[in-house]
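Please read these notes with the model open. They cover ring pairs, cores and strands in turn.

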Amino acid sequence: MCQYSCTPEKPGVVGDWHLAHLQAFAAGGAPMILTEASAVTADGRISPWDAGLWGQEHVEGWARITSLIHATGSRIGVQLSHAGRKGSTYPPFHERSGSVAEEDGGWTTRGATEAPFGPLAAPRGMTQDEVAAVPAAFAAAARRAVEAGFDAVELHAAHGYLLAQFLSPLVNDRADAYGGSDEARARLLLETVEAVRAVVPDGMPVLVRLSATDWSPDAPGGLEGDLERTVQVSRWLAERGVDLVDVSSGGNVPDPQIPVGPGYQTGFAARVGTEVGVPVSTVGMITQARQAELVLATGQADVVMMARALLADPRWWHRAAHELGHDLSWVPQYARVSDRHVY
């Protein structure tokens, strides 16, 4: 979950807030933590206050965090991202909204095409050479992630950010090597996966987050067409050594009509896992321990991802373990806590 807490004086450099924020989850029993989206280029940030890994100056801050997470007994992965046309925006809690002007610290965004996202400022369409340079930017950030001590790397190709923009037939209307067919639209993502896989250690998991659907009736084939394309992209990812597909949805269409409810995206993950055979994770309104356990026990997904519920309760894992009758170790500093004190 983006924290929008870097400072203009040190763009993209994580600090004390990020350390305290992520450490709370490790102390609360999280087995694995994924960071907020961390930009692979300065103009790949969602906002001017976002975290980054586009320069060597970012490694030290992240290394401080990974070291503490490891000392607490958890593992941590970094989510690498480029916001594309959805960048240079104000945080959701800012008094202003929409695109940040250049005179206020923003920038002209770049995208798969020149079409804007809703009310945001129109991007500049990327040249083919600029697109071809994206995999190297992700790979360089992945090298820094290894240096910073991360245990896994996730590529954010969902929610309407740059890699997702290229995947979507609703957005990508290019006529060059990166558009015009499902294979061409997936080319940027697949090249990026190959570039990242080549620079990280063999045993380091590489994850990819996908949007299974953009929830738009205008998509070719509707919802079913979106799911078929997601399954095919997932096959291509598995062939290139991706260890897990993190299945979410939405992001390329402003104000979509989504039938939100508990576990509303889990069926998408189940379909990818069943038809492709690659490990999958699911996310979205999974908040209760027994709900999460049912997803795993029935084979709908291999991993359950959670976000907002954990912002509300950074000790969620200990409460879940108690409810499910599992003995989850406390960090030594909290070992004196007993059931009657907490539950």
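How many aromatic pairs does the count come to by the ring rule?

1. Ring count. The count comes to seven aromatic pairs. The rule: rings of Phe, Tyr and Trp (its six-membered ring) pair if their centres lie within 6.5 Å, with planes under 30 degrees apart stacked, over 60 edge-to-face and the rest tilted.

2. Basis. This is a predicted model: local features need pLDDT of at least 70, side-chain atom pairs count only at pLDDT 80 or more, and totals for chains, interfaces and linings use all residues. Residues are numbered from 1 along each chain as its sequence is written, and side-chain values use heavy atoms, with hydrogens and water left out.

3. F25 and W317. This aromatic pair is edge-to-face, at 6.3 Å centre to centre and 70° between the planes. It links distant parts of the chain, 292 residues apart: F25 sits in helix α1 (residues 16-27) and W317 in helix α11 (residues 316-324). Helices (H or I, at least four residues) and strands (E, at least two) are DSSP runs, numbered from the N terminus. F25 and W317 are both buried; buried means under 20% relative accessible area, exposed over 50%, partly exposed in between (1.4 Å probe, protein chains only). Ring pairs link F25, W316 and W317 into a cluster.

4. R187 and Y178. The charged end of R187 sits over the ring of Y178, 4.7 Å from its centre. The test is NZ of Lys or CZ of Arg within 6 Å of the ring centre and within 35 degrees of the ring normal. Y178 is buried, with a relative accessible area of 2%. K86 lies over the face of F117, at 4.4 Å from the ring centre.

5. Cores. The largest nonpolar core holds 75 residues, of which L80, L189 and L237 touch the most other members. Helix α4 (residues 134-148) gives the most to this core: seven residues. A second, separate core has eight residues, including Y4 and W49. A nonpolar core is a set of buried Ala, Val, Leu, Ile, Met, Phe, Trp, Tyr and Cys residues joined through side-chain atoms within 4.5 Å.

6. Strand β2. Six of the seven residues in β2 (residues 75-81) are buried. Strand β1 (residues 32-39) pairs with β2 in the parallel sense over six bridges; two strands pair if DSSP finds at least two bridges between them. β2 also pairs with β5 (residues 152-157) in the parallel sense, over four bridges. G77 in β2 stands opposite L34, and G77 also stands opposite A152 in β5.
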